[in-house]
Amino acid sequence: MKGAFLVLLCLVSLLSGRDLPWLGVVLEKAGKEDANAVGLGDAVGLKVASVNPDGPCAKSMTQSGDLWWKFDGQILISKCQMVVLLRSRKAGDEVVVEFYREGKLLSMQVVLAARPDGLRN
């Protein structure tokens, strides 16, 4: 039931006319190996697949392979959830991302930006 609600909330969020603030990263569901290697559950975390060199996350030193587990205090479980979290923010907002890099728990502040025209990530 909880999963169905999250999917519905994600669909409503995607269909709203407001643009998402831009992070400049492509996120994918973390694999079991990645999550278990740092002590997270199988269903937790998003892995950074790529970073746009001109994006807000690049300015905050995000790297491909980072395993995000919290976005402004919210434990990350899906890309859909990430969309919902971004919908509640706007360009110029500052957020805190907690993540693992090479097994170490780190934290960074990211200032969200407006998505430049023509960019997908």
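## An exposed residue in a loop

Glu102 is exposed, with a relative accessible area of 77%, where exposed means over 50%, buried means under 20% and partly exposed means in between, using a 1.4 Å probe and protein chains only. Glu102 sits in the loop between β5 and β6, and its phi is near 50°, a positive value in a residue other than glycine. Most residues other than glycine have a negative phi.

A positive phi, of about 50°, is also found at Asp72, which is not a glycine either. Asp72 belongs to the loop between β3 and β4 (74-75) and is partly exposed, with a relative accessible area of 31%.

## Basis of the model

This is a predicted model, in which local features need pLDDT of at least 70 and side-chain atom pairs count only at pLDDT 80 or more, while totals for chains, interfaces and linings use all residues. Residues are numbered from 1 along each chain as its sequence is written, and side-chain values use heavy atoms, with hydrogens and water left out.

## The chain as a whole

The protein chain contains four helices and six strands, which are DSSP runs numbered from the N terminus (helices are H or I with at least four residues, strands are E with at least two). Along the sequence these elements follow the pattern α-β-α-β-α-β-β-α-β-β.

Of the 121 residues in the protein chain, 40% count as buried. The chain exposes about 7000 Å², of which carbon and sulfur atoms supply 57%, with accessible areas taken from the Shrake-Rupley method with a 1.4 Å probe. Among the contacts (heavy atoms within 4.5 Å) with a separation of 6 or more, 57% are between residues 24 or more positions apart.

## The nonpolar cores

In soluble globular proteins, nonpolar side chains tend to be buried together. A nonpolar core is here a set of buried Ala, Val, Leu, Ile, Met, Phe, Trp, Tyr and Cys residues joined through side-chain atoms within 4.5 Å. The largest such core has 20 residues, and those with the most contacts inside it are Leu23, Trp68, Phe71 and Met82. Two or more residues of this core come from each of β1 (25-29), β2 (46-51), β3 (67-71), α4 (79-87), β5 (94-101) and β6 (104-111), and α4 gives the largest share, four residues.

Leaving aside residues up to four places away in sequence, Met82 touches Leu23, Leu27, Leu46, Trp68, Phe71 and Leu76. A second, separate core has eight residues, including Ala30, Val38, Leu40 and Trp69.
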